[in-house]
Amino acid sequence: LLQQLQENEVKHFVFSSSATVYGEPEMLPLTEKARLTATNPYGRTKLFIEEILRDLYASTPDMWNILILRYFNPIGAHPSGRMGEDPQGIPNNLMPFIAQVCVGRREKLSVFGDDYDTPDGTGVRDYIHVVDLAKGHVAALDKLYTDDSVGCEAVNLGTGKGVSVLELVDGMGEATGKPVPYEISPRRPGDVAEVYADPKKAAEMLKWEAELGTKEMCEDTWRWQSTNPMGYREEVEIVNEN
């Protein structure tokens with residue numbers, strides 16, 4: 001892809017990276033200058049591609065204008081309820097799993113650990129509404145096409161606020177009008193207590209900041225899932241996980 005862009009003199013490039021490149025955080029909030037490390041294959045692929053882009057820019061700086069966007073935890077759906085997350089199989093991420101519990105596709109949520117050093121004992125993450133994330137991409141493109149001297153820069157896209165698992169569970173309970181059934185399970189290896197962004201660079205460089213909060217994330221997720229119980233498929237299937 002990069003070779004084709006170079007041959008066609010396309011210099012502006014936005015890469016969708018991830019906060020997983022920070023691994024287990026040594027500092028909070030996480031700035032773009034934090035140590036980079038990978039603790040899983042997904043994070044490793046993101047980190048390797050970041051390194052390729054940095055090396056490419058260093059070798060031919062006049063030919064590239066690159067922004068690396070490090071997402072934190074995108075959740076939510078389009079407010080119309082017509083577009084949302086539809087993972088196949090058992091969801092790997094928290095919010096679609098909660099949503100499937102709420103719509104009756106799964107019996108209950110497993111909360112992995114309630115003994116972390118956080119206000120309620122559950123893990124804390126920086127959740128960002130997918131609509132804010134989309135606007136962050138628009139802001140990145142606007143920056144690249146109005147400033148040829150960006151170079152190769154990484155920028156966090158997050159809210160800067162941590163939300164716990166139980167706070168998200170409560171938020172979905174408020175959105176649906178019913179409590180979300182859950183059980184406490186042992187911690188998973190590799191999970192950390194807290195991860196959240198320092199989003200100042202995005203505000204200064206891209207003139208962007210997240211506008212939507214946990215309430216909108218939960219309401220929009222429920223609007224999507226309740227009107228599309230099986231996602232983009234039609235038939236409803238109830239999964240008993242006992």
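Y22 and F72 are both buried in this structure, which is a predicted model. The two residues form a tilted aromatic pair, with 6.4 Å from centre to centre and 35° between the planes. The pair links distant parts of the chain, as Y22 and F72 are 50 residues apart. Y22 sits in the loop between β1 (12–18) and α2 (41–59), while F72 sits in the loop between β2 (65–71) and β3 (73–75).

A search of the whole structure finds 2 aromatic pairs. A pair of aromatic rings is described by the distance of the centres and the angle of the planes. The table lists these values.

| Aromatic pair | Centre to centre | Angle between planes |
|---|---|---|
| Y22 and F72 | 6.4 Å | 35° |
| W224 and Y232 | 4.9 Å | 50° |

The pair of W224 and Y232 is also tilted. What is the relative accessibility of W224, and is the residue buried or exposed? W224 has 2% relative accessibility, so it counts as buried. Y232 has a relative accessible area of 52% and is therefore exposed; the cut-off for exposed is over 50%.

**Packing of helix α3**

Helix α3 covers residues 94–102 and helix α7 covers residues 214–227. Their axes come within 10 Å and cross at roughly 55°, so α3 and α7 are oblique to each other. The crossing in which α3 passes α7 is right-handed. On the α3 side, the contact is made by M95, A99, Q100 and C102. On the α7 side, M217, C218, T221, W222 and Q225 take part. What kinds of residue make up the contact of α3 with α7? The contact has 6 nonpolar residues, 3 polar ones and no charged ones.

Helix α3 also packs with helix α5 (residues 165–176), at an angle of about 40° and with the axes 11 Å apart. This angle makes α3 and α5 oblique to each other, and α3 passes α5 in a right-handed crossing. The residues of α3 in this contact are L94, M95, I98, A99 and C102. Those of α5 are V165, L168, V169, M172 and T176. By kind, the residues of the contact of α3 with α5 comprise 9 nonpolar, 1 polar and no charged.

Residues of α3 that take part in the contact with α7 include M95, A99 and C102. M95, A99 and C102 are also among the α3 residues in the contact with α5.

Note on methods: Residues numbered from 1 in each chain as written. Predicted model: local features only at pLDDT ≥ 70, side-chain atom pairs only at ≥ 80, totals over all residues. Heavy atoms only, no water. Axes fitted to C-alpha atoms, helices over the stretch in contact; angles between N-to-C directions. Helix = DSSP H or I, 4+ residues; strand = E, 2+ residues; numbered from the N terminus. Parallel < 35°, antiparallel > 145°, perpendicular 65-115°, else oblique. Left-handed = near helix turned anticlockwise from the far one by under 90°. Contact = heavy atoms within 4.5 Å. Nonpolar A, V, L, I, M, F, W, Y, C, P; charged D, E, K, R; others polar. Phe/Tyr/Trp six-rings, centres within 6.5 Å; stacked < 30°, edge-to-face > 60°. Buried < 20%, exposed > 50% of the residue type's maximum accessible area, 1.4 Å probe, protein only.
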